[in-house]
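Hello,

Please find the structure we talked about below. My notes on it follow, one topic at a time.

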Amino acid sequence: MDERCCLPDSASSSDAYWLLLQVLSLIPLWHYLLLAAFILFSVLYNFLELHFFQDLFSGFAGSPVLLSYNSSSQIYHAVVSKCDVLRGRYFATPWLCSPHLQTLFLNYFGRPPFLKYARELFRTADGGTIALDWLFSSHVSDNVGYEDESVPIFVVIPGLTSDSSSQSDISYNAGLTEDVRAVVNYLHKKRAKAPLFVVGTSIGANILVKYLGEDGENIPVAGAVAVCSPWDLLSLSVRDFDDHATRVVGKYESVDTYYRRCSSSTFVRSVSVPLLCISALDDPICTTEAIPWDECKANKNILLATVKHGGHLAFFQGLSASRIWTREKGCK
């Protein structure tokens, strides 16, 4: 009789595991290291949302700009027909093939152009102070001087951080439009002949769209651009701060009430001036789920341009990452 047939099940299992360990020990150590490296790379690749292989398989051709607009939109024919950037493709810098890498690179190596500004301190009705940093056309070109009152004015509303300083008794609020309204009305009164345009980035874009929707047609703005707007503040990961600080200072019943009242997506339908909205579908801060696609398409004054990659306000392109797609000169 074969004695192995009489062994307990536990003994058979132990022998099997022992044999397995002996077999595994025969595999060279560098094979295990290679497997560990592959697993680590896969985790990082997915965690950082890298898209290098997708770009490689597509021949580094980039992706076209997706345009969403109303069929009767006049801004589409007026802007897109004259702007090569919106009709072209965007190809992200290969070694910044991640929305997180793009966003971090912008923060540390964005290399903004060095320009000289003339600062004007503007006092608001509530006693606050806003720094208006003027970049006159004469600072970048000798062709036109400040005395020409017909030169267009571009107002830039930054996000949470900027180089301009301001003082106010009112705390941060992503839906506070009073300051923007006061500045726009002041500039319009000061230079009534100059076409006035407003550009908002990140939280500044949310404030801009909300302001445009609140005032409708009663607004001295010729056109606007919203870049990487969060649209729906529920997509931001600062709920605890908003619940314990922003909501309390703003006297909102709840943090959800603050989000509902201040999210620009609910004001999109009321925008009555030409508005170009630009977003990256892989924006890690202002996520694509928050984009009000249907509302933008329903409003004939809005043109929504989205690209597959770009991160948050980054949009670096070229092998040296020396160019930014949203700053390209491609409009006539």
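Predicted model: local features only at pLDDT ≥ 70, side-chain atom pairs only at ≥ 80, totals over all residues.

As background, nonpolar side chains in soluble globular proteins tend to be buried together.

**The whole protein**

How many helices and strands does the protein have? There are twelve helices and 13 strands. The protein has 332 residues, and buried residues make up 39% of them. Among contacts with a separation of 6 or more, 74% are between residues 24 or more positions apart.

**Cysteines**

How many disulfides does the structure hold? The number is zero. A disulfide is a covalent bond between the sulfur atoms of two cysteines, and the cut-off used here is 2.5 Å between those atoms. For Cys 277, the closest cysteine sulfur is in Cys 296, at 5.1 Å, so it is too far for a bond. For Cys 228, the closest one is in Cys 286, at 6.4 Å, which is also too far. Cys 277 is buried, with a relative accessible area of 0%, and Cys 228 is buried as well, at 1%.

**Gln 102**

Is Gln 102 buried or exposed? Gln 102 is buried, because its relative accessible area is 1% and the limit for buried is under 20%. The residue lies in helix H6, which covers residues 99–109. Its side chain makes a polar contact of 3.3 Å with the side chain of Tyr 90. Tyr 90 is also one of the residues that Gln 102 touches beyond four places in sequence; others include Ala 92, Leu 96, Gly 310, Phe 315 and Phe 316.

**Leu 121**

Leu 121 is exposed, because its relative accessible area is 57% and the limit for exposed is over 50%. It belongs to strand E4, residues 118–123. Setting aside neighbours within four places in sequence, Leu 121 is in contact with Thr 129, Ile 130 and Ala 131. Ala 131 is ten residues away from Leu 121 in sequence, with 4.7 Å between their C-alpha atoms.

**Strand E6**

Which residues form the covered face of strand E6? In this strand, residues 153–157, the covered face is Ile 153, Val 155 and Ile 157, while Phe 154 and Val 156 are on the uncovered one. E6 pairs with strand E8, residues 196–201, in the parallel sense over five bridges. Across this pairing, Phe 154 stands opposite Phe 197 in E8.

Regards

Notes. Residues numbered from 1 in each chain as written. Heavy atoms only, no water. Helix = DSSP H or I, 4+ residues; strand = E, 2+ residues; numbered from the N terminus. Buried < 20%, exposed > 50% of the residue type's maximum accessible area, 1.4 Å probe, protein only. Contact = heavy atoms within 4.5 Å. Polar contact = N/O pair within 3.5 Å; in protein donor to acceptor, adjacent residues only side chain to side chain. Pairing = 2+ DSSP bridges.
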